[in-house]
Amino acid sequence: MKFIQLAAVVFLLGGSLRAGAQELYVFTEPASNMAAKSIGVRITNEGIFNGGGNRTMPEVMFSFNKNLMTHFQGFFSDMDGKYRLEGGSVYAKYRFLSIDDTQRHLRAAVFGRVSTSKRPTYTEDINLEGDNSGVQGGIVVTQLLHKLALSGTVSYSKAFDVESQRVTGTLQPDQMIGYSLSSGYLVLPFVYKNYNQPNFNVYFEMLGKTNPANGKSYLDLAPALQVILNSRTRIDLGYRFQVAGDMAGRYNKNMYLVRAEFNFFNVLK
């Protein structure tokens, strides 16, 4: 029911977006930033198919200039019996490399995140978007080649000491190395004429993590579809599922994602 309600909200609201469309990945961030001096608003809903509940994540994004942007995110879910606020997160990204050419560019950025969550922990996996308190840092490199965009990310996450939140008999989250390889392809329009043309993008992402302490790991595949309207409103629909791994109790091994994003340009002084 919540999935249907959120989908209705997605198609009824409006907003603004302008960027290299095929590098607006659904499950990861690209090295490129939002347009400078802009504000973006997102609402994301994640659901787990095996009865694990739903999570809603409102988010506000600020792009101060072409190199620096930050996100402020909240987490709400019914995963512990009733719908409640779980915690929040602050994410920042700094682009330090830009090599631009006609219909192609290479960009690199570093990023960091600090998150808090009051959820009990069930697994050694670290999910800083709702399930765990901790910090994360990493680097992302994105290459645009005409209609195809490729991006790779490597990160390190460290959970805060939350022994009191660990469920008896489960592993304590400690540290995790994350890595991803993302691809995005611009299907429509065939030829760009103006910013008002709808964009349709398809994505395929590979998302993995390894616990450096014991070598346990997993690999997920995540196909997704995306529509961009009037270069302003972005709508994402994705599905993530595990294809390899031996990490027990993972929250996000089999889930869908629905997102709406609205951007407002040149509103920051």
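I count rings of Phe, Tyr and Trp (its six-membered ring) as a pair if their centres lie within 6.5 Å; planes under 30 degrees apart are stacked, over 60 edge-to-face, the rest tilted. By that rule the structure holds six aromatic pairs.

**Ground rules.** This is a predicted model, where local features need pLDDT of at least 70 and side-chain atom pairs count only at pLDDT 80 or more, while totals for chains, interfaces and linings use all residues. Residues are numbered from 1 along each chain as its sequence is written, and side-chain values use heavy atoms, with hydrogens and water left out.

**Aromatics.** I looked up Tyr25 and Tyr203: edge-to-face, 5.7 Å centre to centre, 70 degrees between the planes. They link distant parts of the chain, with Tyr25 in the loop between α1 (2-12) and β1 (38-48) and Tyr203 in strand β9, 178 residues apart. Helices (H or I, at least four residues) and strands (E, at least two) are DSSP runs, numbered from the N terminus. Both tyrosines are buried; buried means under 20% relative accessible area, exposed over 50%, partly exposed in between (1.4 Å probe, protein chains only).

Phe62 and Phe64 are stacked, at 6.4 Å centre to centre and 10 degrees between the planes. Phe62 has 23% relative accessibility, so I log it as partly exposed; Phe64 is partly exposed too, at 37%. Together with Phe72 they form one aromatic cluster.

**Charges over rings.** My test is NZ of Lys or CZ of Arg within 6 Å of the ring centre and within 35 degrees of the ring normal. The charged end of Arg250 sits over the ring of Tyr218, 3.3 Å from its centre. Arg55 does likewise over Tyr251, at 4.6 Å.

**Core.** A nonpolar core here is a set of buried Ala, Val, Leu, Ile, Met, Phe, Trp, Tyr and Cys residues joined through side-chain atoms within 4.5 Å. The largest one has 18 residues, and Tyr203 and Tyr251 are among those with the most contacts inside it, as are Val26 and Ala224. Elements giving it two or more residues are β9 (199-210), β10 (217-229) and β12 (254-264). The largest share, three residues, comes from β10.

What does Val26 touch, beyond neighbours within four places in sequence? I find contacts (heavy atoms within 4.5 Å) with several residues, including Tyr203, Ala224, Arg234, Asp236 and Leu257.

**Salt bridges.** I take a side-chain nitrogen of Lys or Arg within 4 Å of a carboxyl oxygen of Asp or Glu, and the structure holds 19. Glu86 and Arg119 form one, with closest N and O atoms 3.8 Å apart. Glu86 is in strand β4 and Arg119 in the loop between β5 and β6 (134-145), so this pair ties together parts 33 residues apart in sequence. Both are buried.

Asp125 and Lys209 make another, at 3.6 Å. Asp125 is in the loop between β5 and β6, Lys209 in strand β9, 84 residues apart. Asp125 is buried at 3% relative accessibility, and Lys209 at 17%.

Asp236 and Arg234 meet at 2.9 Å, N to O, and both are buried. They belong to a salt-bridge network that includes Glu29, Arg42, Arg259 and Glu261.

Strands pair if DSSP finds at least two bridges between them. β3 (68-77) and β4 (84-101) pair antiparallel over 10 bridges, with Gln73 bridged to Ser89 in β4. Six residues separate these strands in a hairpin, and Gly81 in the turn has a positive phi of about 110 degrees. β4 then runs antiparallel to β5 (104-117), joined by 14 bridges.
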